[in-house]
Amino acid sequence: MFEKPIIDLILFLVQLTLTCGSIATSGQYFEIFEEKILSGHTLSSKYGVNQIECSLLCQNHAECFSANHHKNKKICHLKPYVYNFNDNGLVEAVGWTFLHLVRNIDVRKEEVKKPEGPDFIITQDTHPVEGRLFHIIPETSESWSLSLDIVPKNVSIENYQNVIFLMFKNKTTSMLTVVGVHIKKDELIIKFPLNGEQMTFTPKLNLQVDQQISLKMKQKREINCGFGKCVWRFKIYINNIQIYENVNNYPKIYRNFKCYLSKKNTQSAKVIVKRAKYRSLSEEISVRPNNVIGEIPFMWPPYHGYMSFKMKRLSEEIYDEENAVLNVKSDTIGSTRNLPKIRPIGQSFVVSTATKDSRNVELLQIIPALNTEHRIVFFYKQSEISTNDTDLRFYFDGALKKTLTARFSRFKGLKIYAGEERASENIVLRSFEFGLYETQVSANNFLGYVPFKWPPKNGYLKVKIMKLDDDKFTIRSDVLCFGLPTSSYREPESMRKEFSSPHRMLNRMRNYLEATCSIITLTIVLSLSIRMLWTIQRRPCRFISMDKWLENILVNFYKRIMLKSLHPMMAVLMVITLQLQICWSKI
């Protein structure tokens, strides 16, 4: 009788043989990348499996295209996307191995099953053929990219020739082109959607026979929202050089997206397609070591701004405090960090921030649920209690959890890290954004205080203004105004206290006292000067009898009283006069 471990081994080898045979007959194979992992979304995580079992799990999963495997910890992360590994998606990771399942699309076959999925990649050289449908995308995303390497074989044909088209069927059952690439003689013509319209762009480029051209179109949402809402930015690259850029305010999602190498009833281009790749860009950010996801181009923390994202916990794995989830910091400005920071402690996560007085002020602890997205918002606004303070409000799943009023040191060019030297790799972030708040001009709209003297000796004022309509004002109307409150303006409570009657009375008394002290000082200086001149003219100088007590009185008066209220020039004049008087009195 065979023992159970031996039976299990035999069954495993049989399963491995059958699986590897199915992979080989289907033209699929794994590429191995040692000491690397693929960032991005994870379909599922398996524990206690070796590398072979991890590859089997990916091959048997319909949506898996790759996997990350840790040899010692025996962790397997199944990944849905195949495109990132060749586009700076792989990062260094000690002990990890990246397994890439290659599922090429052979468009050269006449009878080929039309694959479906969020992405496609073509690696074989092929010619566009009229009506060749090679892929169907069930649903696109708002962020996407399409790259295409082509080699022209004829650049003298006058008519439009089609290379690749991505199309969908609308409600009227007609096929509409969303993205397309044409060739006409030596011109490259690109079609793409922008702000609800079909746009056509022809780059200044003369195609040459047998000269390869690399074309890339990319649309991605920015995490720096500036003033207002984040935008999707569409860009076109030729040979890795950006030649076009615009903002798409109305990105769309298409269903049943059909991909053709030359559509029906059109002339196919005389080119060779060396490589074609389409991918749906995910907004998910994997927390991993030293992962810089963005840089803040303005002063941070802001006087009126925010930072928000969704946080998801993928496993119950516990990391120590050094494995950060988020940290806004600078690599060049001393030890500037923790603006803010999120780090794990056991099953919970601590949210903290640095202030002007402390490097780390703990706000609260949160416990995110497993495989659940939690909305986190840091909201900054200038305090109404003190002009130098800022209110930091922390929201978790829409509820205000903590408010901190403190003074912050502000810096420009801070970097956003999703993980530091060590990271909580079971966390992903999504829909990350930060920005400042815009405000619409209205009557008596108080924005805040200037926390320093204005106008400054060395400073600036920068404002973005957008006109909403074509109305013309026949009377004088202010857009932005700096100054003290007027009688017609009702100030906030904190400002009314600052400029109330008691404060004004104290300021007036202080001004009167300073003026009186200045007059007394000037009188003393003049009298001493006259007395000094009188003693010089009379010889011998006999002012000796009163020099001691006069010296003591004037010096003490100067040190204890006048030093705090004298104008600097008057104080200098008094010191010189005292020295001359004492000197002449001792001759």
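Buried means under 20% relative accessible area, exposed over 50%, and partly exposed in between (1.4 Å probe, protein chains only). Keep that handy for the exercises.

This is a predicted model, where local features need pLDDT of at least 70, side-chain atom pairs count only at pLDDT 80 or more, and totals for chains, interfaces and linings use all residues. Residues are numbered from 1 along each chain as its sequence is written, and side-chain values use heavy atoms, with hydrogens and water left out.

**Exercise 1.** Find which residue forms a salt bridge with R422, and classify both partners.

*Solution.*
- Step 1: A salt bridge is a side-chain nitrogen of Lys or Arg within 4 Å of a carboxyl oxygen of Asp or Glu.
- Step 2: The partner is D320, with the closest N and O atoms 2.5 Å apart.
- Step 3: R422 sits in strand 33 (residues 422-423) and D320 in the loop between strand 22 (304-313) and strand 23 (323-324), so the bridge ties together parts 102 residues apart in sequence. Strands (E, at least two residues) are DSSP runs, numbered from the N terminus.
- Step 4: D320 has 36% relative accessibility, so D320 counts as partly exposed. R422, at 41%, is partly exposed too.

**Exercise 2.** Is E420, a salt-bridge partner of R337, buried or exposed?

*Solution.*
- Step 1: The side chains of R337 and E420 meet at 2.6 Å, N to O.
- Step 2: E420 has 3% relative accessibility, so E420 is buried.
- Step 3: R337, with a relative accessible area of 27%, is partly exposed.
- Step 4: Both residues belong to a network of salt bridges that also links K329 and K341.

Conventions:
Helix = DSSP H or I, 4+ residues; strand = E, 2+ residues; numbered from the N terminus.
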